[in-house]
Structures are given as C-alpha cells and as structure tokens.
Amino acid sequence: LFEAGMEMTDRVIKTGDGKDFAELETGEKYVITRWFYGEECNLRNEKTVREAAENLGKMHRILANFPAGDEYIQEPEAKRLERHSREMKRVFAYMKSKKQKNEFEIFAMDCFPAFYENGMEAEEMLKGLETVSDKVCHGDYNYHNVLFTSRGIATTCFNKACRGEPLMDLYYFLRKTMEKNNWETSIGEAALNGYEKQMSLGEEGNRFLYVMLRYPEKYWKLLNQYYNRKKSWLSGRNMEKLIGVKEQTARKEKFLSTMKERCGV
C-alpha cells in the first residue's frame with residue numbers, strides 16, 4: 001500500500017536487527033507501528049463518510065492483485081449466515097421454553113418471526129451469488145480505524161487483515177454507518193458513490209451488499225450476547241438497542257429499496 005502511494009498506513013516498524021517484532025525471554029511479543037494524530041471518521045457527516053468509503057475503494061483497488069497468503073482465511077459468507085440463523089433459532093427456542101420471561105425476552109420473541117424470515121431470504125439470495133475468496137481484506141474497517149489528519153486520511157489497525165471477500169469491508173462500514181444514522185438514504189448513497197470513485201461495484205457487487213444488509217445482523221448480535229452471558233444479568237442498554245433495531249426497520253427497508261434499483265433485485 002505504501003509503495004503504491006497509500007502512505008498513511010500504520011506500517012510495522014522493524015527492530016534494530018530487522019525483525020517485525022521483539023520477543024521477551026518470557027515469550028511475549030511486541031510490535032511497534034506508525035501512529036497518526038487525527039479525528040476518527042465522523043459517521044454522521046456525509047462528506048467524511050464519502051471520503052472514508054473512497055479511501056476503502058482505493059485500498060481495495062491497490063490490493064486487487066496482491067497475492068494473499070493462506071494463514072488468515074475469512075469464513076465464507078454463506079456459512080456464516082447459516083450459523084447465525086441456527087443460533088437465532090436456538091436462542092428463540094430457549095426463551096420460549098422459559099416459564100418466567102423478562103422484558104427483553106418477550107420483546108425479542110415478538111420480533112423473531114420477521115427478522116428470521118429476512119435472514120432466510122438473505123441466505124437463499126446469497127446462494128445465487130458468486131463471491132470472491134482469495135483477495136486481501138482489511139478485516140476491521142470501521143470509523144475507529146479511519147483517521148482524518150492534517151496530512152490526509154490514515155488507515156490503521158490491519159491486525160485482522162485476512163483473505164476473503166473485500167466487499168465485506170464495505171458492508172461492515174456501511175451497516176455501522178447506516179445504523180448510526182437511522183438508515184438515512186443520502187448517507188448510504190454517499191458511501192456507495194464514494195467507494196465507486198475507486199472501485200466499480202456493478203450489479204453483482206450491489207446485489208451482494210443488498211443481500212448482506214438484508215440479513216438481521218444486529219438482531220442476531222443482541223440475541224447472541226444475551227445467550228452467551230448466561231442470561232443471568234441483562235443490560236438495560238441491550239433492551240434499548242433491541243427497541244432501536246425494531247424501530248429502524250421501516251427506514252432500513254426504504255434504503256434497501258434504493259439498493260434494489262442499483263442491483264436489479
């Protein structure tokens with residue numbers, strides 16, 4: 001990336017003897033990377049969202065033909081969605097079996113049919129798509145790792161870089177951006193248009209993003225957190241998030257309808 005002109009990346013600084021990390025006698029390993037001073041990407045600002053997405057597109061364009069290793073392979077999207085759907089179904093069955101249900105459980109069960117149906121629809125649509133599995137992905141492209149500095153945009157935290165479908169980077173960034181903005185269509189369009197300044201999505205790419213956004217990722221995440229925390233204590237914040245997911249449904253559907261126009265779904 002640096003050699004291709006994308007110099008604002010947190011490259012590893014080698015040790016005095018030319019190694020990528022320093023190892024203590026105890027076995028602990030330490031890595032030093034470049035540091036940048038700047039502000040995290042403001043997801044509520046249309047201009048910064050567009051520029052961050054364009055920055056991602058530039059990174060994907062540069063890395064398009066970069067040989068990826070076999071060490072870190074991203075889980076196939078179809079397999080991941082199938083696993084998430086099984087988990088949602090298992091959590092629903094657990095909640096249903098409880099005699100005494102709390103507020104979160106009652107609300108989550110009421111939401112389940114619609115969200116699960118969306119999940120099944122997304123799974124079925126994904127089967128008809130061809131996804132790339134041998135390209136380099138950032139793996140954690142979110143607003144924390146995109147810094148706006150006086151010298152330009154810095155892209156940081158490549159420790160989750162992997163081999164897989166690059167559009168998953170854009171999907172994660174876009175989903176988080178839309179959730180923060182109550183699925184405001186203009187913000188989503190800004191992100192997509194910014195990315196396409198560097199990399200064309202085409203019908204296939206837009207269709208992939210549509211399918212992934214159709215899946216109820218946030219709902220699954222909340223159920224998963226509830227189940228894995230042994231259900232003994234429930235944060236009031238989780239209840240607020242669940243209500244928020246439900247309330248955003250109509251706005252999300254409106255944005256997805258614009259995505260249909262882009263991909264011909």
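Colleague: In this predicted model, which residue of β8 is the bridge partner of T149?

Modeller: Strand β7 covers residues 146-149 and pairs with β8 in the antiparallel sense over four bridges. T149 belongs to that pairing, and its bridge partner in β8 is G152.

Colleague: Which strands form the edges of the open sheet that contains this pair?

Modeller: The sheet has three strands with antiparallel pairing, in the order β5-β7-β8. An edge strand pairs on one side only, which is the case for residues 39-40 and for residues 152-155, that is, for β5 and β8.

Colleague: At about what angle to β8 does helix α1 run?

Modeller: Helix α1, made up of residues 46-63, lies across both β7 and β8. Its direction relative to β8 is given by an angle of about 60°.

Colleague: What is the nearest side chain of opposite charge to D169, and how far away is it?

Modeller: D169 lies in helix α4, residues 167-180, and is buried yet without a salt bridge. A salt bridge would require a separation within 4 Å, whereas the nearest side chain of opposite charge is K160, at 11 Å.

Colleague: Which backbone nitrogen does the side chain of D169 reach?

Modeller: The residues that D169 touches include L56, M59, H60, C137 and H138. With H60 there is a polar contact of 2.9 Å between the two side chains. The side chain of D169 also reaches, at 2.8 Å, the backbone nitrogen of H138.

Terms used. Residues are numbered from 1 along each chain as its sequence is written. This is a predicted model: local features need pLDDT of at least 70, side-chain atom pairs count only at pLDDT 80 or more; totals for chains, interfaces and linings use all residues. Side-chain values use heavy atoms; hydrogens and water are left out. Two strands pair if DSSP finds at least two bridges between them. Helices (H or I, at least four residues) and strands (E, at least two) are DSSP runs, numbered from the N terminus. Contact means heavy atoms within 4.5 Å. Axes are lines fitted to C-alpha atoms, for helices over the stretch in contact, and angles run from 0 to 180 degrees between N-to-C directions. Buried means under 20% relative accessible area, exposed over 50%, partly exposed in between (1.4 Å probe, protein chains only). Lys and Arg count as positive and Asp and Glu as negative; His and the chain ends are not counted. A polar contact is a pair of N or O atoms within 3.5 Å; within protein, one must be able to donate a hydrogen and the other to accept it, and residues adjacent in sequence count only if both atoms are side-chain atoms. Lists of a residue's contacts leave out its neighbours within four places in sequence.
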